[in-house]
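Here are my notes on this model. They cover the pockets, a metal site and the core.

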Amino acid sequence: MRLILLGTRGGPRVGASGRNNPSNLILINDVPYVIDCGYGTSRQLLAAGVTLDRLRHLFITHHHSDHNLEFGTLFYNAWVSGLAARMDAYGPVGLEQMATDFFSYMKLDIDVRIEDEGRPDPRKLLFAHDIPKAGIVLENDDVKVSACEVHHPLVKQAYAYRFDAKDRSIVISGDTTYAPQLAQFAKGADVLVHEIMYLPGIEALLKRLPSATRLREHLLASHTVPEDVGRIAAAAEIKTLVLTHFVPGDDPSITDAQWTEGVRKHFNGRIIVGKDLMEI
Ligand SMILES: [Zn+2]
Ligand SMILES: [Zn+2]
């Protein structure tokens, strides 16, 4: 079981920060499981050595664009790369409609390519599944994937995912404010990949974005500060904590020590400050 961070920058903006928008890749017996697909995920998968025709399983934590913007596009890129088997996508309620809407959005192109190039109908290859409530999402010979509802207002449904394979267990928090149920859900896992927000960095970010008038309230109400990340990791008794979804994710003046300082107050285990294409 391999974990590769594809994009570690929180938020929807695209920029030259050295961090891409959120996405994570888990490979189990070389089968890819993609968790979230912010802008750039197709290219990051290729950079990680995964050709897109191999995609089979996609999980969306919640319907914010930094996590789902490439949902349709990623599948489309897999299709034109020769995807031969079905791809299953799982996410909060609304995902099935997004798949239908994407095919309508790209209908002109898709219909031409089927007729002109003899490609299979992509509408028969993508199976989108709304997850109405927490529980087991997928179970096969290699892995059991389960979902836990976390707290990320004003988004109605936001999930964390847990992957239990034979050799390791990995939990991906998705976006959430401090959520004690996540500690319970992640109990005893080998790796917890958790989002993080650094408050002193937020003030500088807000100065750069004066038009987003409610952004401060949104950030404070829906993301997790380092001290609380440490509390969750300690309560979950995990071995390794991987920080990702950095908010702000485009401020190189924030050092790794600053990201981890608050976490350390509560968590004594191994802490990794995530970087794009890092493998854990
Ligand atoms: Zn996000
Ligand atoms: Zn979000």
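**Notes on pockets, zinc and core**

1. The lining of the largest pocket splits into seven nonpolar, nine polar and five charged residues. Here Ala, Val, Leu, Ile, Met, Phe, Trp, Tyr, Cys and Pro count as nonpolar, Asp, Glu, Lys and Arg as charged, and the others, Gly among them, as polar. The model is predicted: local features need pLDDT of at least 70, side-chain atom pairs count only at pLDDT 80 or more, and totals for chains, interfaces and linings use all residues. Residues are numbered from 1 along each chain as its sequence is written, chains are lettered from A and ligands numbered from 1 in the order in which they are written, and side-chain values use heavy atoms, with hydrogens and water left out.

2. The volume of the largest pocket is about 340 Å³. A pocket is an open set of points on a 1 Å grid over the protein atoms alone, where a 1.4 Å probe fits, with protein on both sides within 12 Å along at least five of seven lines; lining residues have an atom within 4 Å of a point. The volume is the space filled by probe spheres set on the points, which are joined across faces, edges and corners.

3. This largest pocket has 21 lining residues, with Gly10, Gly11, Pro12, Leu215 and Leu219 nearest its centre. Two or more lining residues come from each of α2 (65-68), α8 (215-222) and β12 (240-247). Helices (H or I, at least four residues) and strands (E, at least two) are DSSP runs, numbered from the N terminus. α8 gives the most, three residues.

4. The zinc ion (ligand 1) is held by Asp66 (OD), His67 (NE2), Asp175 (OD) and His245 (NE2), at 2.1 to 2.2 Å. Donors are N, O and S atoms within 2.8 Å of the metal (3.2 Å for Na, K and Ca); water is not among the atoms, so sites may look incomplete.

5. Asp175 also bridges to the zinc ion (ligand 2), 3.4 Å from the zinc ion (ligand 1). Asp175 sits in the loop between β10 (169-172) and α6 (180-185) and His245 in strand β12, so the pair ties together parts 70 residues apart in sequence. Asp175 is buried at 2% relative accessible area, and His245 is buried at 4%. Buried means under 20% (1.4 Å probe, protein chains only).

6. The largest nonpolar core has 29 residues; Leu45, Leu55, Leu58 and Phe71 have the most contacts inside it. Such a core joins buried Ala, Val, Leu, Ile, Met, Phe, Trp, Tyr and Cys residues through side-chain atoms within 4.5 Å. α3 gives the most to this core, six residues.

Conventions:
Buried < 20%, exposed > 50% of the residue type's maximum accessible area, 1.4 Å probe, protein only.
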